[in-house]
Amino acid sequence: MPGPILHLGATVTCSHGGQALPTSPNPRVLVSGQPVVTQTSPYTVAGCGFVPTAGNGPCVTANYVAAAARVFVGGAPAVLLDSISVCAPTGTPLLPVQTQTRVIGS
């Protein structure tokens, strides 16, 4: 499904409100002056509010498991607003809250 491409300046959180940032966005392709994020770029999560009494702990990292089918950056699929992600160790998704809207991928 088509959607806006995520970039370094996009606001992305874990399901519990922690701030997520890509560790290695692609610096060669820019949208709105910011590097785009590809499926191969892991995210780090800081400030996850999930504190289990006994369990696996708060979100620490995340990876996108499904991304664009037609838009590739440096050989890797671009991450779209509706791409599927999984946080570790909780297994919950990342939630893109705000991103650029000018460049759409599918």
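A: Start with the polar contact: a pair of N or O atoms within 3.5 Å; within protein, one must be able to donate a hydrogen and the other to accept it, and residues adjacent in sequence count only if both atoms are side-chain atoms. The backbone nitrogen of Ser24 lies 3.1 Å from a polar atom of the Ser41 side chain. That distance is within 3.5 Å, so the pair is a polar contact.

Q: What kind of model is this, and what do the values rest on?
A: This is a predicted model: local features need pLDDT of at least 70, side-chain atom pairs count only at pLDDT 80 or more, and totals for chains, interfaces and linings use all residues. Residues are numbered from 1 along each chain as its sequence is written, and side-chain values use heavy atoms, with hydrogens and water left out.

Q: Why does Ser41 count as buried?
A: Buried means under 20% relative accessible area, exposed over 50%, partly exposed in between (1.4 Å probe, protein chains only). Ser41 has 0% relative accessibility, so Ser41 is buried. Ser41 sits in the loop between strand E5 (34–36) and E6. Strands (E, at least two residues) and helices (H or I, at least four) are DSSP runs, numbered from the N terminus.

Q: What makes Thr13 buried?
A: Thr13 has 14% relative accessibility, so Thr13 also falls under the 20% limit. Thr13 lies in strand E2. The C-alpha atoms of Thr13 and Leu94 are separated by 5.7 Å, though the two are 81 residues apart along the chain.

Q: How do you know that E2 and E3 pair?
A: Two strands pair if DSSP finds at least two bridges between them. E2 (residues 11–14) and E3 have two, in the antiparallel sense. Val12 stands opposite Ala20 in E3. In the hairpin of E2 and E3, Gly17 takes a positive phi near 95°.

Q: Which bridges link E3 and E6?
A: E3 and strand E6 (residues 43–46) pair in the antiparallel sense over four bridges. Pro22 stands opposite Tyr43 in E6.

Q: Why is the pair of Tyr43 and Tyr64 called edge-to-face?
A: Rings of Phe, Tyr and Trp (its six-membered ring) pair if their centres lie within 6.5 Å; planes under 30 degrees apart are stacked, over 60 edge-to-face, the rest tilted. The count comes to one aromatic pair. The centres of Tyr43 and Tyr64 are 5.7 Å apart and the planes at 65°, so the pair is edge-to-face. Tyr43 lies in E6 and Tyr64 in E7, so the pair ties together parts 21 residues apart in sequence. Both residues are buried.
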